[in-house]
Amino acid sequence: MMILSRLLGCQEQLGFLHQSKEELTDSHPVVCNRNILVELEEGVGVAVMKMKSPPVNSLSLDFLTEFSISLEKLENDRGCRGVILTSAVPKIFSAGLDIKEMCGKSAEHYAEFWRAVQEMWLKLYKSNMVTIAAINGNCPAGGCLMAVSCDYRIMAENPKYSIGLNETQLGIVAPFWFKDTIANTIGHRATERSLQLGLLYSASDALKIGIVDELVPEEKVLNAAAATMSQWLAIPDYARQISKSMMRKPTLDRLLTHRESDIQNFVSFVTKDSIQKSLQTYMESLKQRKG
Ligand SMILES: CC/C=C\C/C=C\C/C=C\C=C\CC(=O)SCCNC(=O)CCNC(=O)[C@H](O)C(C)(C)COP(=O)(O)OP(=O)(O)OC[C@H]1O[C@@H](n2cnc3c(N)ncnc32)[C@H](O)[C@@H]1OP(=O)(O)O
């Protein structure tokens, strides 16, 4: 019930009611949501989802809810066959889960938050559409999860950007389905090293290890994503979708089977004093780094 009311509440915030005439053209209907801009190029059947939640596109409960609703709308739109996921915030793809959602809140809040994280991943990982991440900035932790849940990743070749699952550096543990998703991308051994050490890879190392598929100059990331999209869309949808599902279903089923216990694990993990302390110390270190 709480989730339903949040979804309904969010649908109003989503701004379907607030579109101006300038934002709606025949060829590029744009939906300006609070955190995500969705632009559907109808003739081509491709939507661009631009995350625009400054300063760092952190994945708050509101953001995740909006993301899942937006993706579901595209999934149900027969005119949309592909999605390019990118960022409208300079230098940042996404800073991952919003740490503020995991600090000093109630157990009920943590459970609701974690269900929204699961939902985002389930929707993205099982999408029937072709999904391409156009990674135009830093991409740690939950940001990396989003990227590796797509079918293909193109990253800006900027030595300042990094990508990876750095959870252990915060004193927390990536859950099994984060681990499964990255292992499906880079293999078991590389995942073991990557997770234990909480490695963040430079763009060039990310290409070498296979977290990303291609590097291009920053200003070409979106064009490169569009070019790759047209190659993938040249394959008949039905055959491609069944192949995708064959590869991903066991991983999806594992979370679906253990969804409630995963939420309980998260809540009991994150409510530990030691974990709260680690997260607070990490947030303070982010603030101090600035100064
Ligand atoms: C046994 C197991 C059972 C169950 C599983 C249990 C647990 C699993 C739990 C959790 C899994 C979590 C996955 C995650 O995604 S955790 C998030 C990890 N993210 C990070 O480590 C990234 C942190 N951020 C950065 O490194 C940088 O901000 C940056 C490189 C992304 C950008 O650098 P900038 O210099 O451009 O910006 P900053 O000045 O650092 O930041 C601006 C502003 O934003 C705040 N902020 C940054 N990241 C976050 C975040 N992830 N959440 C909330 N807020 C964030 C930062 O503090 C600054 O705020 P102020 O302006 O100072 O207020």
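The chain has 11 helices and 11 strands in its secondary structure. Helices (H or I, at least four residues) and strands (E, at least two) are DSSP runs, numbered from the N terminus. This is a predicted model: local features need pLDDT of at least 70, side-chain atom pairs count only at pLDDT 80 or more, and totals for chains, interfaces and linings use all residues. Residues are numbered from 1 along each chain as its sequence is written.

Of the 291 residues of the chain, 40% count as buried. A residue is buried if 20 or more other C-beta atoms lie within 10 Å of its own, exposed if 12 or fewer, and partly exposed in between; C-beta atoms are placed from the backbone. Among contacts between residues at least 6 apart in sequence, 73% join residues at least 24 apart. Two residues are in contact if their C-beta atoms, placed from the backbone, lie within 7 Å.

An open sheet of 7 strands runs in the order 1-2-3-4-6-8-11, with mixed pairing. Its edge strands are strand 1 (30–32) and strand 11 (214–216), and each pairs on one side only. From one strand to the next, the twist averages 20 degrees. Two strands pair if DSSP finds at least two bridges between them. The table lists pairs in this sheet.

| Strands | Sense | Bridges |
|---|---|---|
| strand 2 and strand 3 | antiparallel | 6 bridges |
| strand 3 and strand 4 | parallel | 6 bridges |
| strand 4 and strand 6 | parallel | 4 bridges |
| strand 6 and strand 8 | parallel | 4 bridges |
| strand 8 and strand 11 | parallel | 3 bridges |

Single residues mark these pairings. The bridge partner of Ile-36 in strand 3 is Met-51. Lys-50 stands opposite Thr-86 in strand 4. Leu-85 faces Ala-133 in strand 6. Ala-134 has Ile-154 of strand 8 as its bridge partner. Met-155 is partnered by Leu-215 in strand 11.

Strand 2 and strand 3 form a hairpin with 4 residues between the strands, where Gly-45 takes a positive phi near 80 degrees. Helix 2 (residues 61–75) lies across strand 2 (36–41), strand 3 (46–51) and strand 4, at about 10 degrees to strand 2. Axes are lines fitted to C-alpha atoms, for helices over the stretch in contact, and angles run from 0 to 180 degrees between N-to-C directions.

### Enclosed strands and the core

In a regular strand the side chains alternate between the two faces of the sheet. Strand 3 has 6 of its 6 residues buried, so it is largely enclosed by the rest of the structure. Val-46, Val-48 and Lys-50 point one way, Ala-47, Met-49 and Met-51 the other, and all are buried.

Strand 6 (residues 130–135) is also largely enclosed, because 6 of its 6 residues are buried. Both of its faces are covered: Val-130, Ile-132 and Ala-134 lie on one side, and Thr-131, Ala-133 and Ile-135 on the other.

The largest nonpolar core holds 71 residues; among those touching the most other members are Ile-84, Ile-132, Ala-134 and Ile-135. Helix 3 (residues 107–125) gives the largest share of this core, 9 residues. A nonpolar core is a set of buried Ala, Val, Leu, Ile, Met, Phe, Trp, Tyr and Cys residues joined through C-beta atoms within 7 Å. Leaving aside neighbours within four places in sequence, Ile-84 is in contact with Val-46, Val-48, Ile-132, Ala-134, Ala-225 and Met-229.

Strand 5 and strand 7 run parallel, joined by 2 bridges. In strand 7, Asn-138 is the bridge partner of Ile-92.

### Around the ligand

The ligand is surrounded by 28 residues, and the closest are Ala-95, Gly-96, Leu-97, Ala-141 and Gly-142. Strand 5 (91–92), strand 7 (137–140), helix 10 (259–270) and helix 11 each give two or more residues to this shell. A residue is near a molecule if its C-beta atom, placed from the backbone, lies within 6 Å of it. Helix 11 supplies the largest share, 4 residues.

The shell divides into 16 nonpolar, 6 polar and 6 charged residues. Ala, Val, Leu, Ile, Met, Phe, Trp, Tyr, Cys and Pro count as nonpolar, Asp, Glu, Lys and Arg as charged, and the others, Gly among them, as polar.

Gln-276 lies in helix 11 (residues 273–290). It counts as partly exposed because it has 15 C-beta neighbours inside 10 Å. The C-alpha atoms of Gln-276 and Met-102 are separated by 7.9 Å, though the two residues are 174 apart along the chain.
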